[in-house]
Amino acid sequence: MYGALCLTRAAEERLDLLQKQGHVEGGVYRSLGQEAGAVGAAFALRRRTDGTGDFLSATTRAAGALFLFGGEVVDFFRQYLGRGTGPTRGRGANLYWSDYEKGFVGGVSPLGTMVEVMAGITLSFSLRDEDRVGMVFYGDGASSTGAWHEGLNVAAALRCPLIVMVENNQWAFSTPTSGNTRVSSFTEKGPGYGIGASSVDGTDVLAVFDTVRRAAALARSGEGAQLVDLQYFRRLGHAQHDPQDYVDPALIDEWQKKDPLDRFRAFLASDAWATNEELVAIEEGAFEECRSAAEQVLAESLPTGADAGCDVYSDLITPRPWTRADTPDPMLA
Ligand SMILES: Cc1ncc(C[n+]2csc(CCOP(=O)(O)OP(=O)(O)O)c2C)c(N)n1
Ligand SMILES: [Mg+2]
């Protein structure tokens with residue numbers, strides 16, 4: 001668990017460096033202060049690599065869940081660096097990365113829609129009598145979209161074994177959560193859908209693990225959809241372009257004191273679960289894994305021109321590639 005936390009932090013710090021060096025196209029969405037939400041939640045699920053385990057859809061701020069489900073750091077960098085060797089062959093940066101054997105489906109840009117997709121996926125589990133649950137992550141802001149509500153209602157009504165994780169980091173871009181909803185906790189939304197809901201300190205990885213383990217047991221036992229509200233704070237801007245000047249710096253300092261890695265490290269050290277040397281070895285291992293993965297990926301190539309067009313245009317030969325292959329091009333008539 002500590003290794004997954006360190007790996008998430010190290011991968012994002014390396015990504016930050018790569019972005020500053022000009023290697024990343026698009027945004028870098030950090031999860032600083034939120035790492036324990038993804039790690040504790042994914043840890044509570046059954047992780048297998050043969051297509052029979054539990055299933056999740058993460059967000060850009062839940063990379064730790066992907067790593068725990070077998071997603072490799074090297075592929076994480078390939079995605080952000082748009083390498084042709086990556087899982088989506090250079091398309092979509094941090095999105096769309098899916099691996100059905102390992103049990104994850106990539107998120108998409110329109111916020112909230114993966115709740116609908118995951119409602120369908122988990123419905124298929126119950127229709128086939130498969131002993132599997134699904135999990136979908138979404139931010140506090142995304143939970144104000146129509147798709148989120150419709151997806152959650154379907155999952156609730158059809159008792160889909162789906163756990164909906166609200167990454168309540170108190171901001172959606174520059175909009176505070178209070179500007180998105182009048183409830184003070186997302187648990188208040190559960191009764192409106194007739195489902196169980198719980199709230200947890202998202203900086204405490206063991207508390208998250210315990211809460212999600214209970215939610216997963218309920219979902220698995222036929223109770224159906226469950227909602228979990230992760231309470232923490234987005235300690236950086238929305239992405240690297242956002243200086244976060246609308247946030248009171250004192251608040252950021254407050255939340256820094258509850259850093260999830262520091263908290264778990266202190267717990268492990270104080271209860272003698274691990275020696276300092278063992279903890280340092282985990283930290284250095286994560287750093288080195290990310291350093292060498294980035295070095296490897298930097299040497300790999302971007303998609304070639306022809307490959308970049310595949311699955312984007314139906315016909316690469318036509319001089320007007322946006323023309324449907326079966327429709328005569330009026331401009332050429
Ligand atoms: C339907 C939709 N509306 C707007 C956007 C643009 N958008 C991307 S991220 C974001 C903020 C999301 O906030 P939140 O859901 O709280 O997630 P966080 O960034 O805090 O993790 C917005 C508005 C989008 N991608 N999809
Ligand atoms: Mg948010």
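Modeller: Ligand 1 sits in the largest pocket, where a pocket is, on a 1 Å grid over the protein atoms alone, an open set of points where a 1.4 Å probe fits, with protein on both sides within 12 Å along at least five of seven lines, and sitting there means that more than half of the molecule's atoms lie within 2 Å of its grid points. This is a predicted model, in which local features need pLDDT of at least 70 and side-chain atom pairs pLDDT 80 or more, while totals for linings use all residues. Residues are numbered from 1 along each chain, and side-chain values use heavy atoms, without hydrogens or water.

Of the 13 residues around ligand 1, R61, G141, A142, N169 and W171 come nearest, counting residues with a heavy atom within 4 Å. Among the polar contacts (N or O atoms within 3.5 Å), oxygen atoms of ligand 1 lie 2.8 Å from a polar backbone atom of A142, 2.9 Å from one of G141, and 3.1 Å from a polar side-chain atom of D140.

D140 also coordinates the magnesium ion (ligand 2), together with N169 and W171, at 2.0 to 2.2 Å; donors are N, O and S atoms within 2.8 Å of the metal (3.2 Å for Na, K and Ca), and sites may look incomplete because water is not among the atoms.

Terms used. Chains are lettered from A and ligands numbered from 1 in the order in which they are written. A polar contact is a pair of N or O atoms within 3.5 Å; within protein, one must be able to donate a hydrogen and the other to accept it, and residues adjacent in sequence count only if both atoms are side-chain atoms. On a 1 Å grid over the protein atoms alone, a cavity is a set of points where a 1.4 Å probe fits but cannot get out, and a pocket is an open set with protein on both sides within 12 Å along at least five of seven lines; lining residues have an atom within 4 Å of a point.
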